[in-house]
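Please examine the sequence and the structure shown below before reading on.

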Amino acid sequence: MTSKTTGPPLPDNLTPQPSAMPEANKVTADDIKASLKAGFSDFLARPVMSGFFGLFYAVFGILVVWCLVWLGKVWMIIPVSVGFPLIAPFAASGLYEMSRRLQNEESFGWSEILTVMANQRKREMGWMAFVTLFIFWVWFYQFRTVLVIVLQDSSFSDLDGFLNTIFFTPEGWTFLAIGTCVGAFLSAVLFSVTVVAMPMLLDREMDFITAMLTSIRVVKKNPMVMLAWAAIISVTMLLSLVPAFLGLIFTLPILGHTTWHLYQRAVQPVEG
């Protein structure tokens, strides 16, 4: 059986037209539970393919940290590690497509999924990647600025010295407090504009501004439920970094599949 791609073929020079604003649904904690169950089921349906995306993400994280140590930029490890999960929604686009096809009972293999991912460069996903990476850059820049202002009299030449300064000095505690507040704000902004925008752009033909506004409307309509989902993602992803990023092999795919199913519940489907 020949699998279908998402939507009709797109001309290379297609300019997305303004889309009607999709309706945001009311969701509950039961929707999160059901989405997690469906996401775990998708992972078990294709564990090798799902795990590949998690493995790729984990290996990339390990290589980044290794390069920072090799270059002697140990102070960059914390902002990179903490900010690393911010780009997970974009990295999970292949997982969204897998869940879409499993939901529609379509057959697929590696070529189909990778082709759909590659085709996103002709659509609006690239703009969402730009938004994500811009916020990641802002996070990195503010981290460095606060580091210089608060820890200007401190010195550290290796990772142990840096961690000792951060966690066992008054200046380090001040730095952590300020950095946590700024990081939490940036994470909330990014979560609000991407929580359903990423899977929606893969699923529908629409401009990225409409997708972001719809995502914000979903968060505004369901503040406590979305806050709970953000907490689940944050805690799970950060804990996954502890065993040398290897926990991401399992958690990233499950969270990616779950995000697809939560999007399906949080946004009214296209009529017809």
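## Overall fold

The protein contains 13 helices and 0 strands, where helices (H or I, at least four residues) and strands (E, at least two) are DSSP runs numbered from the N terminus. The model is predicted, so local features need pLDDT of at least 70 and side-chain atom pairs count only at pLDDT 80 or more, while totals for chains, interfaces and linings use all residues. Residues are numbered from 1 along each chain as its sequence is written, and side-chain values use heavy atoms, with hydrogens and water left out.

Of the 272 residues in the protein, 47% are buried; buried means under 20% relative accessible area, exposed means over 50%, and partly exposed lies in between (1.4 Å probe, protein chains only). Among contacts (heavy atoms within 4.5 Å) between residues at least 6 apart in sequence, 79% join residues at least 24 apart.

## The nonpolar core

A nonpolar core is a set of buried Ala, Val, Leu, Ile, Met, Phe, Trp, Tyr and Cys residues joined through side-chain atoms within 4.5 Å. The largest such core has 67 residues, of which Phe162, Phe175, Val196 and Met226 touch the most other members. Helix α7 (residues 125–150) gives the largest share of this core, 9 residues.

## The surface

The accessible surface of the protein is about 14200 Å², and 69% of that area belongs to carbon and sulfur atoms. Accessible areas come from the Shrake-Rupley method with a 1.4 Å probe; for residues, only the protein chains shown count as cover.

On this surface, Val48, Phe52, Phe56, Trp110 and Leu114 form a nonpolar patch with about 530 Å² of accessible area together. Phe52 lies in helix α2 and is partly exposed, with a relative accessible area of 35%.

## A buried loop residue

Asn222 is located in the loop between α11 (208–221) and α12 (223–241). This residue is buried, with a relative accessible area of 2%. Not counting residues up to four places away in sequence, Asn222 touches Asn25, Lys26 and Val27. The side chain of Asn222 also reaches the backbone oxygen of Asn25 at 3.0 Å.

Notes. Polar contact = N/O pair within 3.5 Å; in protein donor to acceptor, adjacent residues only side chain to side chain. Patch = residues over 30% accessible without salt bridge, like charges linked within 9 Å, V, L, I, M, F, W, Y side chains within 5 Å. Salt bridge = Lys/Arg side-chain N within 4 Å of Asp/Glu carboxyl O.
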